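Subject: Structure for your files

Hello,

Here is the structure you were waiting for. Please have a look at it first; my notes follow below.

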Amino acid sequence: MKAQELIQLLKKKLSEDTFLYEFNRETNKLRLTHKALNKGIDISIPPILAKVETKKELAVEEVVYTIHQTFQAMEKEISGDIDPSSSVYPVIRSTSFPEKSNEGNRFVTKEHTAETRIYYALDLGKTYRLLDEKMLQSWGIRETEIRERALFQVRNLVNNFKKDEVAGNVFYFFNNNDGYDASRILNESLLKDMKKLIVGDMTISVPHQDVMIIGDIRNETGYDVLAQMTMHFFTVGIVPITSLSFIYENGDLEPIFIMAKNRVAKEKEEK
């Protein structure tokens, strides 16, 4: 399926009477504007096309569902039905992600790594709304309070994972489908517990928002496997974050391209 075919399919399912469609060929993004609400969202086309290759019609249905839920959240916001006392969670985004909303309001953020930045979202059940400074001002809530609430909530998430072994290396996949899998990288208690299971180097990857991969890298091949794995997840994610992985040590995250080869070289010297 090509970009224009996908857009035509979305038009059939979402109706041109309700939405205005603007496709930017340079960025491969579709701007979808709700005519009645006069609000819109940007949709990156390549990740959806990648998902269509494997999930076929289901991938399109997932996108349509997400769009419906997003605009329903906007309707609640406009009508004043959003409760600021609802659950607030941190969400991880790429540093290239916009720092302002389409209306020009600055999002509430916090620095994380050179590759990632923390945003904050109000959970609305089927979707969430990124918080901006204007929203906090209208509620009379401080940013520090929002950050504390969000960190508390992410610590309370259920942390189910699947384990897989490849070429003598072990990988733990967190894919709970709650919208906050990548956010678990902020749960220091979880990371410390996982560290106890690790025999080799502990790596953490958040290629898109719906997965976190913790690696137990026990040989040099493990780094190659990890690189291929994270790139695959990065390309198929609806909200891609980074294809770069991190080494976790002493509570710090270091980019793997800086650390990995040095660690391997060091191990060889020690042997």
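Which residue of β11 stands opposite Met 202? That residue is Asp 216. Please keep in mind that the model is predicted.

The sheet

Strands β10 (residues 201–205) and β11 (residues 212–217) run antiparallel and are joined by five bridges. They belong to an open sheet of six strands, paired antiparallel in the order β8-β9-β11-β10-β12-β13. At its edges are β8 (162–166) and β13 (252–255), each of which pairs on one side only. From one strand to the next, the twist averages 30°. Helix α7 (residues 220–236) packs on this sheet and touches β8, β9 (169–174), β10, β11 and β12 (246–249). The direction of α7 makes about 25° with that of β9.

β10 also pairs with β12: two bridges join these antiparallel strands, and Ile 204 stands opposite Phe 246 of β12. β12 in turn pairs with β13 in the antiparallel sense, over four bridges. Here Ile 247 has Glu 254 in β13 as its bridge partner. β12 and β13 form a hairpin with two residues between them, and Asn 250 in the turn has a positive phi of about 55°.

The cores

The largest nonpolar core has 31 residues. Tyr 120, Leu 131, Met 202, Ile 204, Met 212 and Ile 214 touch the most other members. Two or more residues each come from β4 (88–94), β6 (116–123), α4 (133–139), α5 (143–155), β9, α6 (188–195), β10 and β11. Leaving aside neighbours within four places in sequence, Ile 214 is in contact with residues including Val 170, Tyr 172, Leu 191, Met 194, Met 202 and Ile 204. Another core, of 23 residues, lies apart from the largest one; among its members are Leu 14, Val 52, Ala 59 and Phe 71.

The loop between β10 and β11

Gln 209 lies in this loop. Is Gln 209 buried or exposed? Its relative accessible area is 12%, so Gln 209 counts as buried, the cut-off being under 20%. The side chain of Gln 209 makes a polar contact with the side chain of Arg 93, at 3.2 Å. Not counting residues up to four places away in sequence, Gln 209 touches Arg 93, Tyr 128, Gly 179, Tyr 180, Asp 181, Ala 182, Val 239 and Ile 241.

Regards

How values were computed
Residues are numbered from 1 along each chain as its sequence is written. This is a predicted model: local features need pLDDT of at least 70, side-chain atom pairs count only at pLDDT 80 or more; totals for chains, interfaces and linings use all residues. Side-chain values use heavy atoms; hydrogens and water are left out. Two strands pair if DSSP finds at least two bridges between them. Axes are lines fitted to C-alpha atoms, for helices over the stretch in contact, and angles run from 0 to 180 degrees between N-to-C directions. Contact means heavy atoms within 4.5 Å. A nonpolar core is a set of buried Ala, Val, Leu, Ile, Met, Phe, Trp, Tyr and Cys residues joined through side-chain atoms within 4.5 Å. Buried means under 20% relative accessible area, exposed over 50%, partly exposed in between (1.4 Å probe, protein chains only). A polar contact is a pair of N or O atoms within 3.5 Å; within protein, one must be able to donate a hydrogen and the other to accept it, and residues adjacent in sequence count only if both atoms are side-chain atoms.
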